[in-house]
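Open the model in your viewer and keep the selection panel at hand. The stops below are given in the order in which to select them.

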Amino acid sequence: MFSLNKVWAGYAVSILLLLTAFTLGVTVGSVRVPVMEMLSIFAGAFSNREALDPMFSSIVLDIRFPRVILAALVGASLAIAGASFQGLLKNPLADPYTLGVSSGASVGAVATIFLGLTIPGLGSFTLPVISILAALLTLIIVLGFARMVEKSMKMETIILTGIIFSSFLGSILSLMIALTGDELRQIINWLLGSVSMRGWEYIRLIAPFFVIGALLLIWNARELNAMAFGEERAQHLGVNVQRRKFVVLASGSLLTGAAVAVSGTIGFVGLVVPHMVRMLTGSDHRHVLPLSILNGASLLILCDLVARTIVAPTELPIGVITALIGAPVFGLILIQKRKERRG
């Protein structure tokens, strides 16, 4: 049992890490911005922007600040979605990427771009809405297929089903790319995963979905704790299991779909962050979910910083960096779980 002091220490470290990541994300780049200059720019932005240094002001407020905020929102969305899927399925290997949810969201988003779809009344929100619906549909199909294959829905069955559907959806993506014309560059750049040059418009797209999805999951943290002991016991504790499961799955898909719609496919964030949080502070979802938000935001800000500086002036896709971190961690978790089962 983890002590309350250790949990609060986890919050303190996570907040400090996020502040550090934010500062580095804004100040480090091809043009370095002094920390004091950054602070004065933020202070002056609310009073008189014309009095600020125009070069530093433009770099901070128009380029790096929105980029860092978008990376934070995407990372936080994927991390809390992964934590909720792992808690609900009682499976440490579940996340939007391994379950195929990210691939489903990608198909929905690429189809929107490929077909030039616009839902009347939604305008620019058409992309995240279709991506979210595709993510939710994919998750329902994956879990339904896994249950059909094996009633007990073992860990390996769910993961293998997610991989199967990811491969199938990947072939659909390849088909759309092969058939596309002028949109090819836009689709390829989007699929590689990036928060570069997105701007405030993309923040406005993801922000409402992030707030709704995160609040719904945090609101159901106690129910996730109860369901971790089994559905029957949760029902005895007064939990409406079917309703809560739908809310958690829908909220996770909402977050994943919105994140994929604005940044493309970025894997392993939802796998790595919740696992590390549980190792440090225990498995109480009242703390795992908010801590996943903080650390998911920090991780993606730092990964984006590495992606745009490690081979500057060339910029790597952020998905490459998260995969380099996430794939080895995925393997280590799998080996650990195998040893636990044998022991």
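Start with Asp304 and Arg308, which are both buried (under 20% relative accessible area; exposed is over 50%, partly exposed in between, with a 1.4 Å probe and protein chains only). This is a predicted model, in which local features need pLDDT of at least 70 and side-chain atom pairs count only at pLDDT 80 or more, while totals for chains, interfaces and linings use all residues. Residues are numbered from 1 along each chain as its sequence is written, and side-chain values use heavy atoms, with hydrogens and water left out.

Asp304 and Arg308 both sit in helix H13, four residues apart, about one turn of the helix (helices are DSSP runs of H or I with at least four residues, numbered from the N terminus). They form a salt bridge whose closest N and O atoms are 3.8 Å apart (a side-chain nitrogen of Lys or Arg within 4 Å of a carboxyl oxygen of Asp or Glu).

Glu315 counts as partly exposed because its relative accessibility is 33%, whereas Arg67, at 10%, counts as buried.

**The nonpolar core**

Now select Val74, Leu99 and Ile206, the residues with the most contacts inside the largest nonpolar core, which has 90 residues (a core is a set of buried Ala, Val, Leu, Ile, Met, Phe, Trp, Tyr and Cys residues joined through side-chain atoms within 4.5 Å). Helix H3 (residues 54-89) gives the most to this core, with 20 residues. Another core lies apart from it, made of eight residues, among them Ile159 and Leu271.

Leaving aside neighbours within four places in sequence, the contacts of Val74 include Ile206, Ala259 and Val262 (heavy atoms within 4.5 Å).

**Helix H11**

Show residues 241-263, which make up helix H11. Of its 23 residues, 17 are buried. Gly264 follows H11 and has a positive phi, near 85°.

**Gly162**

Finish in helix H6 (residues 155-179), where Gly162 is found. Gly162 counts as buried because its relative accessible area is 0%. Not counting residues up to four places away in sequence, Gly162 touches Thr98, Leu99, Gly100 and Val142.

Definitions and conventions. Helix = DSSP H or I, 4+ residues; strand = E, 2+ residues; numbered from the N terminus. Expected span 1.5 Å × (residues − 1).
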